[in-house]
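Here is a short tour for anyone meeting this structure for the first time. Have a look at the sequence and the model, then read on.

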Amino acid sequence: MANNLNDESKGLVRIVLPLMAKHKVPITPQNYAVWYAYVSGEIDELQKMLDTMIQNQASFTDEINEKLCAKFGFITEVGEIKKLRDELLQVLLAILNDIAEINGETAHYESFLSKSVESLSKEVSVEDLRTIVECIISETKAVVEFGKATQEKIQNITSELKALKRTFEQTRTEALMDFLTGVANRKAFEEELIKLISEAAASAKELCLLVLDIDHFKQFNDQHGHAVGDEVLRFTAQKLKSRVRGNDFVARTGGEEFAILLPETSLAGAQAVAENIRSFFSTATLKTSGGDKKLGRITVSIGGARYRAGETAESFVQRSDKAMYAAKVSGRNRVVLASDN
């Protein structure tokens, strides 16, 4: 079934690209989507409209192409993922256009690229894009051996694809970073938590979680202003990272709340880390970045728990959160760890 789908897709691409060239329609992802739908007969209204325009020898201006894309819903996504997807799709369409006349040696490659174009015609995530790019690079390397002219063209294409892959990696990294503090954000924390729980379950190694909240941060913000508050958040993030090991994971999970994942760490070890952090903040004197104004001190309340075999990520986080709130209730500037019992 998969081969039949590939053959059908490849056949349609062979029709779509020359047809677009004949009517002087720029080969862009949106325009390609319109004409692919026309050739495949997916949308009756589109088919009738284009049939009439072709019959009347209409000129497909940029304005008309944009109206067609908008009318039939081919401009739906916004933001960075759309931009990345469109760039990749543009590269693939250019490749297919270039190799359209090359015979059997690239038939498999052409079929594979056609399938990739099909995948990119739908909404995809950054992870999907990265997977598609990796597969294309792998397939592209396999065809480099065929023909000197083809090889030069393919090598240029590979460079473009690798540049796109770097962009995907950067986008992925940025999507998982808290821009204010430079540490991981909540999404990254949730992904790391699932990964470490899976590793702990497989290896029977210990895993602890600390949840930290800056005490009375709202009052501090109101008194000194949001710019100073942002400085304090950045300071907190930096000091947390400097007080944990290389394989520990620090994230900002909320306004003034941070989380620290401690793999291969016992509850006693987590207690020691938490006390070290609490003690540092309770004695550190804060100053503005210029050093001309003292801001006093901040304290932190820390809760934590050790992962119990078989419990969900949600339960693990909830137990740590409850311990942190217990630290707040008992007077703040405290460390409270959930009991294993």
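How do the residues of the lining of the second largest pocket divide into nonpolar, polar and charged? They split into eight nonpolar, three polar and six charged. Here Ala, Val, Leu, Ile, Met, Phe, Trp, Tyr, Cys and Pro count as nonpolar, Asp, Glu, Lys and Arg as charged, and the others, Gly among them, as polar.

## Before going further

This is a predicted model, in which local features need pLDDT of at least 70 and side-chain atom pairs count only at pLDDT 80 or more, while totals for chains, interfaces and linings use all residues. Residues are numbered from 1 along each chain as its sequence is written, and side-chain values use heavy atoms, with hydrogens and water left out.

## The second largest pocket

Back to that pocket: it holds about 330 Å³ of space. Its lining is made of 17 residues, and Leu176, Ala184, Ala188, Phe249 and Val250 are the ones nearest its centre. Helices (H or I, at least four residues) and strands (E, at least two) are DSSP runs, numbered from the N terminus.

A pocket is an open set of points on a 1 Å grid over the protein atoms alone, with protein on both sides within 12 Å along at least five of seven lines; a cavity is a set of points where a 1.4 Å probe fits but cannot get out, and lining residues have an atom within 4 Å of a point. Grid points are joined across faces, edges and corners, and a volume is the space filled by probe spheres set on the points.

Searching the whole structure turns up one cavity of 30 Å³ or more. The largest cavity has a volume of about 60 Å³. Its lining includes Arg186, Phe189, Leu209 and Asp321. At least two lining residues come from each of α9 (186-203), β1 (207-214), β3 (257-263) and α13 (313-329). By type, the lining residues are five nonpolar, one polar and three charged.

## The nonpolar core

The largest nonpolar core has 32 residues, and Leu210, Ile214, Leu240, Ile260, Ile277 and Ile302 touch the most other members. α12 (267-283) is one of the elements that give two or more residues to this core, and α12 gives the most, with seven residues. Such a core is a set of buried Ala, Val, Leu, Ile, Met, Phe, Trp, Tyr and Cys residues joined through side-chain atoms within 4.5 Å. Buried means under 20% relative accessible area, exposed over 50%, and partly exposed in between (1.4 Å probe, protein chains only).

## Helix α3 and its neighbour

Which residues of α3 are buried? They are Leu46, Leu50 and Met53. Seen down the axis of α3, the buried residues fall within an arc of 60°, so they line one face of the helix; that arc is taken from the directions from the helix axis to the C-beta atoms. The face turned away from the buried side carries exposed Asp44, Lys48 and Gln55.

Val34 sits in helix α2 (residues 29-40) and counts as buried, at 2% relative accessibility.

Most residues other than glycine have a negative phi. Ala204, in the loop between α9 and β1, has a positive phi of about 60° and is exposed at 71% relative accessibility. Glu264, in the loop between β3 and α12, has a positive phi of about 55° and is exposed at 51%.
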